[in-house]
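Me: I want to go through the labels attached to this model. Please set each value against its definition.

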Amino acid sequence: MSSILVSIERADDDAGIRALLLTGSGRGFCAGQDLAERNVSPGAARAMGLALLGEKLSAEDAERWGLIWKAVDDDKLLAEADALARALAAGPTKGYGLVKRAIYASAGNSLEAQLDLERDLQREAGFSADYREGVSAFMEKREPRYLGK
């Protein structure tokens with residue numbers, strides 16, 4: 001049995017061991033990631049590090065890592081927030097609501113369930129007044145006037 005497995009078993013059996021540091025050297029050392037595994041995200045490693053170590057995270061890093069949508073300087077915050085609110089208010093709010101439903105449901109859905117939900121939401125959107133307005137505005141080459149219906 002390898003020394004790594006012995007160390008892991010010992011740590012598993014000894015409640016006094018609270019962390020295990022695996023090290024190695026040489027050309028063939030590997031930390032153990034299965035390179036065929038595609039479910040390992042970077043945004044999970046970072047979240048784990050932040051949660052376990054309690055380190056501070058700047059707004060700029062949070063934006064760069066994709067944890068927040070956008071970081072804004074204090075002196076530009078009100079203007080940016082106002083512009084965003086106006087853009088969202090003028091948009092197809094019915095569609096925005098459907099998109100939010102799909103995104104929130106995705107974490108707990110299987111692929112099949114998510115595809116079914118998205119099909120149903122697309123159908124709902126396609127029968128909405130906002131959809132009809134969007135198509136009409138496009139065909140008439142004018143700005144749409146959405147009503148959230």
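**Labels and their cut-offs**

Reply: Of the 149 residues in the protein chain, 7% count as buried (under 20% relative accessible area with a 1.4 Å probe, protein chains only). The model is predicted, with local features needing pLDDT of at least 70 and side-chain atom pairs counting only at pLDDT 80 or more, while totals for chains, interfaces and linings use all residues. Residues are numbered from 1 along each chain, and side-chain values use heavy atoms, without hydrogens and water.

Me: Why are α5 and α6 called roughly antiparallel to each other?

Reply: The axes of α5 (residues 93-106) and α6 (residues 111-126) cross at roughly 175° and come within 10 Å. Axes are lines fitted to C-alpha atoms over the stretch in contact, and angles run from 0 to 180 degrees between N-to-C directions. Angles over 145 degrees count as roughly antiparallel, and α5 and α6 therefore get that label.

Me: Which residues of α5 meet which in α6?

Reply: Lys 94, Leu 98, Arg 101, Ala 102, Ala 105 and Ser 106 in α5 meet Gln 114, Leu 117, Glu 118, Leu 121, Glu 124 and Ala 125 in α6; contact means heavy atoms within 4.5 Å. These residues divide into six nonpolar, two polar and four charged.

Me: What lines the largest pocket?

Reply: The lining is Gly 95, Leu 98, Val 99, Ala 102, Glu 118, Leu 121, Gln 122 and Ala 125, each with an atom within 4 Å of a pocket point. By class, five are nonpolar, two polar and one charged, with Gly counted as polar. Both α5 and α6 supply at least two lining residues.

Terms used
Helices (H or I, at least four residues) and strands (E, at least two) are DSSP runs, numbered from the N terminus. Angles under 35 degrees count as roughly parallel, over 145 as roughly antiparallel, 65 to 115 as roughly perpendicular and the rest as oblique. On a 1 Å grid over the protein atoms alone, a cavity is a set of points where a 1.4 Å probe fits but cannot get out, and a pocket is an open set with protein on both sides within 12 Å along at least five of seven lines; lining residues have an atom within 4 Å of a point. Buried means under 20% relative accessible area, exposed over 50%, partly exposed in between (1.4 Å probe, protein chains only).
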